[in-house]
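Hi,

Here is the structure I promised to pass on.

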Amino acid sequence: MRVDESTYMHEVMEALAGLLAFNERTALQAVEEPLDRLKAAPAEDRMAFVFEAVARIPQAPTFASRLALKAMVSKLLGPGMPLHTLEAVRLVEAFSMERQPLPFKALLSNLGKLPMTMELKGALLRLRSQIDEWHGAREMRELHERIDALVDGAKPEAPVEAASAWTRLVFGEIGCSLPWRALFLHARSLTQSAPSRKWIREASELVDRIGREEYLENARRWLALGPMPGSPNVSMPEQEADYQKGFLWTLAAAGDAPVAPGIADFAFACFRKIPQIGAVSHRVGNACLNVLASLPGLEPVSQLSRLAMRVKYDVARRLIEKALEEAASRNNVS
């Protein structure tokens, strides 16, 4: 027996020696006896075997042994396996291997009853990035949705995913960052044309969690992309508008007037008129104007005035004039 090999694992590998199997059921039959003993063993012994089996799967000598170990882990991670949060984080990290046949569904099912701490969310997002189309496109999508549901508390049919070019670029940059994902989840939750005080307060707290300097640095760069990068004359999808409108209002929550020129340029691109269609996005363009009108100081007033001279679209001009009047009145400017 190898020094680092448990008694249970030694018995399992002996049972699998020379086995030829092409499905989990056949492979599982070969290890039925040690599996039954493991099920009756104390929880710490079962968990120790799970960690040992997951670590061994990539180096398992045969296809049959990989199938058997995967099936055993799946059985042991059932409802009878008690998990605490720190152990769950270690287990998710152990599963975060690129392109390995692991019982992800059994793991995720066991995590649903645990408190979703920041550490566990971070581990799950790292696991998500390791699950790709090697596992099968349908399987990958299902696992991604289950992880999103655990991390975001969102319904599986509404994960936080890119809707168009702007969110693809932005989400590609934020990756697995939990504070940024939380901010965009909050942004998407804004269904009214203007947010409530509670929404603004929560957005400000999320900005503080990211760090205002990092937040504003990224915000300026993302505004410079324009609302539809690479397709400036294409109408914006509604799902994309949901993210962009909410993100713009987080700028109001941050209350930073130096971003006003970037918001004004973003608005100008939103009000670009597409022949026979209309503006790129009235919703997002109007959000830009309302955010500018809410920001402190004279710079937002100046940017609204600049927009009034640049935009020729009649509907947009009326919106700009209204926002300009509100901003000027608040700043006691004629």
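Below is what turned up, starting with the whole chain and moving on to the details.

Some ground rules before that. This is a predicted model, so local features need pLDDT of at least 70 and side-chain atom pairs count only at pLDDT 80 or more, while totals for chains, interfaces and linings use all residues. Residues are numbered from 1 along each chain as its sequence is written, and side-chain values use heavy atoms, with hydrogens and water left out.

The overall picture: the protein chain has 18 helices and two strands (DSSP runs numbered from the N terminus, H or I of at least four residues for helices, E of at least two for strands). Of its 334 residues, 48% are buried; buried is under 20% relative accessible area, exposed over 50% and partly exposed in between, with a 1.4 Å probe and protein chains only. If you take the contacts (heavy atoms within 4.5 Å) between residues at least 6 apart in sequence, 72% of them join residues at least 24 apart.

Now to one helix pair. The axes of α1 (residues 7–16) and α3 (residues 32–40) come within 9 Å and cross at roughly 160°. Axes here are lines fitted to C-alpha atoms, for helices over the stretch in contact, and angles run from 0 to 180 degrees between N-to-C directions. That crossing makes α1 roughly antiparallel to α3 (angles over 145 degrees count as roughly antiparallel, under 35 as roughly parallel, 65 to 115 as roughly perpendicular and the rest as oblique). On the α1 side the contact uses Y8, E11 and V12, and on the α3 side P34, R37 and L38. By type, these contact residues are four nonpolar, no polar and two charged (Ala, Val, Leu, Ile, Met, Phe, Trp, Tyr, Cys and Pro count as nonpolar, Asp, Glu, Lys and Arg as charged, and the others, Gly among them, as polar).

Next, the salt bridges: the whole structure has 14, each being a side-chain nitrogen of Lys or Arg within 4 Å of a carboxyl oxygen of Asp or Glu.

- K105 and E142 meet at 3.5 Å, N to O. They link α7 (residues 104–111) with α9 (residues 137–152), 37 residues apart. K105 is partly exposed at 31% relative accessibility, and E142 is partly exposed at 30%.
- R181 and D148 meet at 3.3 Å, N to O. R181 sits in α11 (residues 178–188) and D148 in α9, so the pair ties together parts 33 residues apart in sequence. Both R181 and D148 are buried.
- R221 and E173 meet at 2.5 Å, N to O. Here α13 (residues 212–224) is linked with α10 (residues 165–174), 48 residues apart. R221 is partly exposed at 34%, as is E173 at 44%.

Salt bridges that share partners also join E11, E33 and R37 into one network.

Last, back to α11, the helix that carries R181. Eight of its 11 residues are buried, so α11 is largely enclosed by the rest of the structure. The buried ones are L178, P179, W180, R181, L183, F184, H186 and A187. What covers them includes α8 (118–130), α9, α10, α12 (197–210), α13 and α14 (238–254).

Cheers
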